[in-house]
Amino acid sequence: MRALLAIAATLWAAPHAAAQQMLPPPYQGVYQPQGVDEIGLWREDDEAEKELAASPLVIRDEALTAYVKHVLCETVGDDRCNSVRVYIIREPTFNASMSPNGTMRVLSGLFLRVRNEAELGAVLGHEFGHFESRHTLQAFRSRRTGSDVLAWGALLAGMAPGYRTMRTYQDLQLSVYGSLFRHSRDQEREADRLGVAYLNRSALRPQAAGDMWQHVMAEAESSASVRGLKKPNFNAIAFTASHPPNGERAAYLTELAASDGDARDDGAARYREALATWMPVFLDDQIKLNDFGASDYLIQNLAQNGWTDTLWLARGNLYRTRGTQRDFIAAAQFYQNALALNPALGEAYRGLGLSLIKTARRTEGQAALKHYLQLSPDASDAAMIRLMLPEENSQ
Amino acid sequence: MKHILRALALAMCVTLFAAAPASGQERSATKQGFELAPKSGKKILVFRPSVQVGSQSTGGMFEPNGEWTDSAKRNLQVALEKLQTKLGNEIVVAPEAYGEDAQKLAEHMALFAAVSDAVIEYQFFRGNRLPTKKRDNKEDVFDWSLGAGVADLPGAKDADYGLFLYNRDAYGSTGRKVLQVLAMLGPGIPVKSGEHQGYAGLVDLKTGDILWLNADAAMGGDVREAEGADKRAAQLLEDFPGSDLGQ
């Protein structure tokens, strides 16, 4: 029995030990596309990048772009990251992508879902993994093979039309589509493994990769619960799922993280400082999505490293935007918290004033609005706010 | 990734069995009252043509081909230069744009693509025409515009009209051709092999109005060869106002 246990223990430990050693493969050097398919894809991608570089959606902030590039380099290593071009796109969704020729697109919504450099590096490393393994090319080829099989299958089915051949053809269709989606999920898993392998070798905390997926699940749960929906299932794989389920990803990413890396720095303070100017903008974009549960979760998640005036202001705006009477009471409190941290935050006086007026505290509200106008006399809505003040003050 | 797969599924469904309508693949329209007299000394600014060449896989997917695209771009450029004399007016190539100009240009290229797609889909060809555009067709009205913003495009100040060109070719692969023959011989299913689309549009650089648009979903001429490209360029600019092409 003891021997059996020992065997079981070694069997259990074996993949575990292997996981602890998870490191990226040696770098192959700068890569040039090979073969018709790959050259064609890169050619199209070069064209798409040219368009992207001139797109109005791109945030042209050299400091922010350089910072993201720096975190990528910290994660994957200077030798690998040099050829990458980073473009930050203003769109409040959680995503990033990397295309065959080395264009990295980062959507601004990502910055609200990560709280430190290690979590940001986990996502960037994952995308870089797709690039290094040349996944777009593989996916293109598997789609082509799949659609070729279906074309010939359709021809054969057409030769002997009938109920049974039709059904066989439909089965073939389902299995081809299913295998394409599974292929996509497998690529995501491979990129996840590479991403965590880069982090293991870097100076950042690799456990952050698993943490981030926990937060993503908690956000989805919060969004669903505020809307009164059923708790999402984080382990079910849908037929058309392009990514593995979040629960699975969180589990294996935590498993694969080097345990000695747990004590490493995750760069939370540096992250917060680098994002300071953009955070209000990204939070504002998120609040306008009208997803109260998710937005409230994101703000509180970012506040785990300590509340700031920006976060209190955003939370106040979130509650005031939803606009029930109880929300105004809560919002007024949040604005006051923001003002306690930064008395010069004009925006917070504006929100406070508007919330107080809505909760029948007109005089206090008007006093707050006056403060707002004193702090930001040139605000675009200054004339409108002046209308809410008593006559003698409006001049 | 998800949208790629969806697009793929759609492409397969659409291209495998749906043969495009044999007639009505080609059409052009001119804005009412617009006339461009030959030798009237007007300047036409040609924006960087969008060219995409590849092959069509057995299952109907587009396979981009870098070399073909490069040679097609080169060939079409040469062909356009040759046609210059026949267009009846002076042709100027738009300068390479940088910084904010490049952003403006990219936006207008995208806008032109969106507007011409709308014209092609909702006014030109049978199938999905809007009732109002059907009426326009009867009354010979062609009224579309990109807005006055075109006046700020790089090079627009020194020209009167802007010419946009779009070209996309997918040559049937061997597998696709075999499938086409077998499907016809066997169950008698029509399978389309290859896809050759193009459109060209002339825009008033002062007002942004589209003055002329020519769309062709089944173009001739192999753009990978110099001779084919000449034929293609002539087809793209067929019925060009004030020219002696396409007569």
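Residues are numbered from 1 along each chain as its sequence is written, while chains are lettered from A and ligands numbered from 1 in the order in which they are written. Because the model is predicted, local features need pLDDT of at least 70 and side-chain atom pairs count only at pLDDT 80 or more, whereas totals for chains, interfaces and linings use all residues.

**View 1. Helices α6 and α9 of chain A pack at an angle of about 90°.** The axes of α6(A), residues 117-132, and α9(A), residues 208-226, are 8 Å apart (axes are lines fitted to C-alpha atoms, for helices over the stretch in contact, and angles run from 0 to 180 degrees between N-to-C directions; helices are DSSP runs of H or I with at least four residues, numbered from the N terminus). The two helices, α6(A) and α9(A), are therefore roughly perpendicular to each other, a term that covers angles of 65 to 115 degrees.

**View 2. Residues of α6(A) and α9(A) form the contact between these helices.** From α6(A) come A:Ala118, A:Glu119 and A:Ala122, and from α9(A) come A:Ala208, A:Ala209, A:Asp211 and A:Met212, where contact requires C-beta atoms, placed from the backbone, to lie within 7 Å. By class, the residues of this contact are five nonpolar, no polar and two charged (Ala, Val, Leu, Ile, Met, Phe, Trp, Tyr, Cys and Pro count as nonpolar, Asp, Glu, Lys and Arg as charged, and the others, Gly among them, as polar).

**View 3. Domain 1 (27-261) and domain 2 (279-394) of chain A are given by the domain assignment.** Their bounds come from an automatic or database assignment, and the C-alpha centres of domain 1 and domain 2 of chain A lie 37 Å apart. Each of these domains gives 16 residues to the contact.

Notes:
Angles under 35 degrees count as roughly parallel, over 145 as roughly antiparallel, 65 to 115 as roughly perpendicular and the rest as oblique. Two residues are in contact if their C-beta atoms, placed from the backbone, lie within 7 Å.
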